[in-house]
Amino acid sequence: MRTFAEHAYCVYAAVWSPQHADIFATASGDCTLKVWDVRQQHSTLTIPAHEYEILTCDWNKYNDCVIATGSVDKSVKLWDIRNPQRELAVMSGHQYAVRRVKCSPHAENIVYSASYDMSLAMWDWKVAASGTGDPMVRRWSHHTEFAVGLDCSCLVDGLVGSCGWDEMVYVWPNTGDPLTF
């Protein structure tokens, strides 16, 4: 067993790279995103990714250098770990902290977010990066308490699931409404 202890506050998320067996990323309340290689003694990269606590992170399934983060600052950011000095894209639209981000397993440009504002959003981060329009593709507000969990089916394109403090679990196609599916 290995122990990695570099963060200066709570670690809220740890996510394995979908392409590299020895690589994982962590998101922390110390406002940093760290990338680790289990073959190394220390983290290989530290990105001061947000000004407030980072609650979540996820790897892009199509680009092994891109990681999404979500924060108490209400934003979702995309990072290229080859050029970590500046984010690839910033997406704002939640009213409270972003508790979960999930990169689509079917589309490189799509990222989902779940927020304490009781909503979920589907974003096109390449639109955000280009500045050519509104990156929010869809927004759902079906939870009546904090939305804290979110996942995408890797077997069924567009199938999304969410859960919240309202004791509800919803599963629906991203083209529809969770309350009518």
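This is a predicted model: local features need pLDDT of at least 70, side-chain atom pairs count only at pLDDT 80 or more; totals for chains, interfaces and linings use all residues.
Residues are numbered from 1 along each chain as its sequence is written, and side-chain values use heavy atoms, with hydrogens and water left out.

**Stop 1: Asn174**

Select Asn174, in the segment after S15. Helices (H or I, at least four residues) and strands (E, at least two) are DSSP runs, numbered from the N terminus. Asn174 counts as buried, at 15% relative accessibility. Buried means under 20% relative accessible area, exposed over 50%, partly exposed in between (1.4 Å probe, protein chains only). Now show what surrounds Asn174. Beyond its neighbours within four places in sequence, Asn174 is in contact with Tyr112, Met122, Arg138, Trp140, Gly158 and Val160. Contact here means heavy atoms within 4.5 Å.

**Stop 2: the sheet S13-S14-S15**

Step back to the strands. Here 3 strands form an open, antiparallel sheet in the order S13-S14-S15. Strands S13 (147-152) and S15 (169-173) stand at the edges, each with a single partner strand, so one side of each is left without a neighbour in the sheet. Neighbouring strands are turned by 20 degrees against each other on average, direction ignored. Axes are lines fitted to C-alpha atoms, for helices over the stretch in contact, and angles run from 0 to 180 degrees between N-to-C directions.

Select S14 (residues 159-164) with S15: 5 bridges join this antiparallel pair. Two strands pair if DSSP finds at least two bridges between them. Which residue of S15 does Ser162 stand opposite? Tyr170.

**Stop 3: salt bridges**

The structure holds 8 salt bridges. Each is a side-chain nitrogen of Lys or Arg within 4 Å of a carboxyl oxygen of Asp or Glu.

- Select Lys102 and Asp151. Their side chains meet in a salt bridge (3.4 Å, N to O). Lys102 lies in strand S9 (residues 98-103) and Asp151 in strand S13, so the pair ties together parts that are 49 residues apart in sequence. Lys102 is buried at 14%; Asp151 is partly exposed at 39%.
- Select Asp80 and Arg82. The side chains form a salt bridge (2.7 Å, N to O). Asp80 is buried, at 12% relative accessibility, whereas Arg82 is exposed, at 57%.
- Select Asp22 and Arg39. This salt bridge spans 3.3 Å, N to O. Asp22 is in the loop between strand S1 (11-16) and strand S2 (23-28), and Arg39 in the loop between strand S3 (32-37) and strand S4 (45-48), 17 residues apart. Asp22 is partly exposed at 25%, and Arg39 is exposed at 58%.

Salt bridges that share partners join Asp22, Asp37 and Arg39 into one network.

**Stop 4: the cysteines**

How many disulfides are there? The count comes to 0, where a disulfide is a pair of cysteine sulfur atoms within 2.5 Å. Select Cys10: its nearest cysteine sulfur, that of Cys31, is 12 Å away. Cys10 is partly exposed at 38%. Finish at Cys57, buried at 1% relative accessibility. The closest cysteine sulfur to that of Cys57 is in Cys103, at 9.5 Å, too far for a bond.
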